[in-house]
Amino acid sequence: GILNDFVSLFYIYFHNSDTIITPDTAYRSSSLFFQDYISSSLTYEDWIDQVFPPRSPGSFYSGDQIRTGGVQRDVITAVYPLPLGYPESEWKASIVVHIDENEIHKLLEPLYIESGGWFYITDPDGNVLTSSLEDTASVLLNSNEIPHISGYLEKEIAGQKFILSYITSQSGWTYVVALPFHVVMESASAVQRTTLLAFFLLLLIGILIAFYFSYRNSRP
């Protein structure tokens, strides 16, 4: 928690004793912890189903909100079973980590904010974990559109053409960043102009050097 700015809160939930241990204290009742920290639209019952048992040895949930230090934060929730590596029948507890969505957005802001672009991240099941858009239904790529692990494609969305860059990690998460077509083309044109300018400058310098040596080595 000291070294990682992404983690807003983490705790261990012991199912049999209904106990939660945080870095600062212990709650003998999960309902009391829920009242103090969880501020999303989840009911207490839905939240308990989310934290134990995990859907898989590493489950992620989006759209959650917590309160820490008097501040409400949008978070991605990661849930891992304890003991790690044991079959589901032997899971006794869960370790829950709340990842601050705002910190993730800060990393990606230089890619999309100033240019009118956007991004989203999905899990292996296609569920959106985080996005710079409030509504992602109209922009999600289907499996037919991203047949490879990574790549680029053009797509028209709401009457505007975008260049989309995507990559799928080993975890199965897919990261998609979109930039308006004209922004990409302007950047490409700028690179082309710079390349041509450098080429002609070098060519001119080469010609001048050739003339100099030709004159120097010629007879009057």
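Which elements cover the buried residues of helix 2? They include strand 1, strand 2, helix 1, strand 4, strand 5 and strand 6. This is a predicted model, in which local features need pLDDT of at least 70, side-chain atom pairs count only at pLDDT 80 or more, and totals for chains, interfaces and linings use all residues. Residues are numbered from 1 along each chain as its sequence is written, and side-chain values use heavy atoms, with hydrogens and water left out.

**Overall picture**

- The protein chain has four helices and 11 strands. Helices (H or I, at least four residues) and strands (E, at least two) are DSSP runs, numbered from the N terminus.
- Of the 220 residues in the protein chain, 34% are buried. Buried means under 20% relative accessible area, exposed means over 50%, and partly exposed lies in between (1.4 Å probe, protein chains only).
- Take the contacts in the protein chain with a separation of 6 or more: 43% of them join residues 24 or more positions apart. A contact means heavy atoms within 4.5 Å.
- Accessible areas come from the Shrake-Rupley method with a 1.4 Å probe; for residues, only the protein chains shown count as cover.

**Confidence**

- Mean pLDDT for the protein chain is 82, and 90% of its residues reach 70 or more. The pLDDT is the predictor's confidence in each residue, from 0 to 100.
- Among the elements, strand 2 (residues 19-21) has the highest mean pLDDT, 94. Helix 4 (residues 181-216) has the lowest, 74.

- Helix 1 (residues 30-37) buries Ser30, Phe33, Phe34 and Tyr37. They cover an arc of only 105 degrees around the axis, which puts them on the same side of helix 1. The arc is that of the directions from the helix axis to the C-beta atoms.
- The cover over the buried residues of helix 1 includes strand 1 (7-14), strand 2, strand 3 (26-27), helix 2 (44-51) and strand 4 (59-68).
- In helix 2, the buried residues are Trp47, Ile48, Gln50 and Val51. They fall within an arc of 160 degrees seen down the axis, so they line one face of helix 2.
- Glu45 and Asp49 are exposed on the other side of helix 2.
- Helix 1 is among the elements that cover the buried residues of helix 2, and helix 2 is among those that cover the buried residues of helix 1.

**Salt bridges**

- The whole structure holds two salt bridges. A salt bridge is a side-chain nitrogen of Lys or Arg within 4 Å of a carboxyl oxygen of Asp or Glu.
- One pairs Asp100 with Arg73, with the closest N and O atoms 3.6 Å apart. Asp100 lies in strand 6 (residues 93-100) and Arg73 in strand 5 (residues 71-82), so the pair ties together parts that are 27 residues apart in sequence.
- Asp100 is buried, at 6% relative accessibility. Arg73 is partly exposed, at 27% relative accessible area.
- Glu103 pairs with Lys106, and the closest N and O atoms are 3.5 Å apart. Both residues lie in helix 3 (residues 101-112), three residues apart, about one turn of the helix.
- Lys106 is partly exposed, at 46% relative accessibility.

- Phe6 sits in the segment before strand 1. Phe6 is partly exposed, with a relative accessible area of 29%.
- Leaving aside neighbours within four places in sequence, Phe6 contacts His98, Ile99, Asp100, Glu103, Ile104 and Leu107. Phe6 and His98 are 92 residues apart along the chain, and their C-alpha atoms are separated by 8.4 Å.
- Tyr152, in strand 9 (residues 150-157), is exposed at 67% relative accessible area.
- With neighbours within four places in sequence left aside, Tyr152 contacts Leu164, Ser165 and Tyr166.

**Nonpolar surface patch**

- Leu196, Phe199, Phe200, Leu203, Ile207 and Phe211 make a nonpolar surface patch of about 630 Å². Patches are made of residues with over 30% relative accessible area and no salt bridge: like charges are joined within 9 Å, nonpolar side chains (Val, Leu, Ile, Met, Phe, Trp, Tyr) within 5 Å.
- One of the patch residues, Leu196, is in helix 4. Leu196 is partly exposed, with a relative accessible area of 45%.
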